[in-house]
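Ready for a few hands-on exercises about charged pairs and ring pairs? Have a look at what is shown below, then work through the tasks one step at a time.

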Amino acid sequence: MGSMTVRIADASDRDALLALTPRLADFPRPPWRTAHEIAAADDAILLAALAAPGPDAAVFVTSAPGGPVDGVVFVSTKTDYFTHRRHAHVEVLAVAPQAQGRGVARALMAAAETWASARGDRFITLNVFDGNARARGLYARLGYRPETIHYRKDLAAGADMAGDGATAPTASTITIRPDTAGDSDALWAILHAVIAAGDTYAFSPDMARAEALAVWHPPGGHTFVAERDGRLVGTYLLKANQPGLGSHVANCGYMVAPEARGVGIGEALCRHSLDQARALGFLAMQFNAVVSTNLGAIALWQRCGFAIVGTVPRAFRHSRVGLVDIHVMYRVL
């Protein structure tokens, strides 16, 4: 913590803060809450605080010396329901994946508490999702104690509880499991469709079935498939990014059937793979070649906590637009 700078945010930090808000949805969410709506709500309150700073709220950011912003806390003013006393309330706390484990969250919370104490506030509150075990553990270690519990019941008949009428898959609608030999035909159909498009993977678009299936089942790899309504709609391959001294970092590739895109299957696969990687003992995950034109995937990986840590110019020969950049993306587990 000695080499960390904590300061009040200003308008120049806008883009850095927006890059951090996907971290606020990086946990097992209730099926009716989407990552997008959580991040969008936090984007809105952060931007409002930056645009109109005042004595009743503060946005603090952290950074290493000479480094980018790697954490943010937004603390505001609330009134206690029972006593009507003014108190401080933590609205947002987010830390970049690459900054985890350095005491950033503790430093930010200390800044929020110092700000509240200086105003004469007697206590400080916050809300946290029940499924966000990482955040709940942090707050418990910092001395925060649970008070009320918020419950929800959906009253709309037949509602899918996916949020705003969305049809994002949930644990009850999608099954992610290790693949079997009996999945090879359906798996090949997904692999072929993605590879032949020539816009996301460097594999030759005319790769044959046997080669593709072999590549997707390397020694030491873990291949999973997503099944919905009795058919395969996606797959991922999890493996070590490098052998030997690099084997603590995972690598993963994902493919979704073209007809099943746009409903959250890719995100379900990614979050499942993060859990599997942790269970296997990996400490981080790295994507080596995210094609720069694949904006939907980049946004998805960022929602799942990945950051772009490098760019290789014109390293991918896109089937339609020619030479484009690729990004290296990374997050700690």
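**Exercise 1.** Find how the side chains of Arg102 and Asp70 meet, and say what the pair ties together.

*Solution.* Step one: the two side chains meet in a salt bridge, 2.7 Å from N to O (a side-chain nitrogen of Lys or Arg within 4 Å of a carboxyl oxygen of Asp or Glu). Step two: Arg102 sits in the loop between β4 (86-95) and α3 (104-119), while Asp70 is in strand β3 (residues 69-79), so the pair ties together parts 32 residues apart in sequence. Helices (H or I, at least four residues) and strands (E, at least two) are DSSP runs, numbered from the N terminus. Step three: Arg102 is partly exposed at 38% relative accessible area, whereas Asp70 is buried at 4%. Buried means under 20%, exposed over 50%, partly exposed in between (1.4 Å probe, protein chains only).

A note before going on: this is a predicted model, where local features need pLDDT of at least 70 and side-chain atom pairs count only at pLDDT 80 or more, while totals for chains, interfaces and linings use all residues. Residues are numbered from 1 along each chain as its sequence is written, and side-chain values use heavy atoms, leaving out hydrogens and water.

**Exercise 2.** Work out why the Tyr254 and Phe287 rings count as edge-to-face.

*Solution.* Step one: rings of Phe, Tyr and Trp (its six-membered ring) pair if their centres lie within 6.5 Å; planes under 30 degrees apart are stacked, over 60 edge-to-face, the rest tilted. Step two: here the centres are 5.8 Å apart and the planes at 85°, so the pair is edge-to-face. Step three: Tyr254 is buried at 9%, and Phe287 is buried at 4%.
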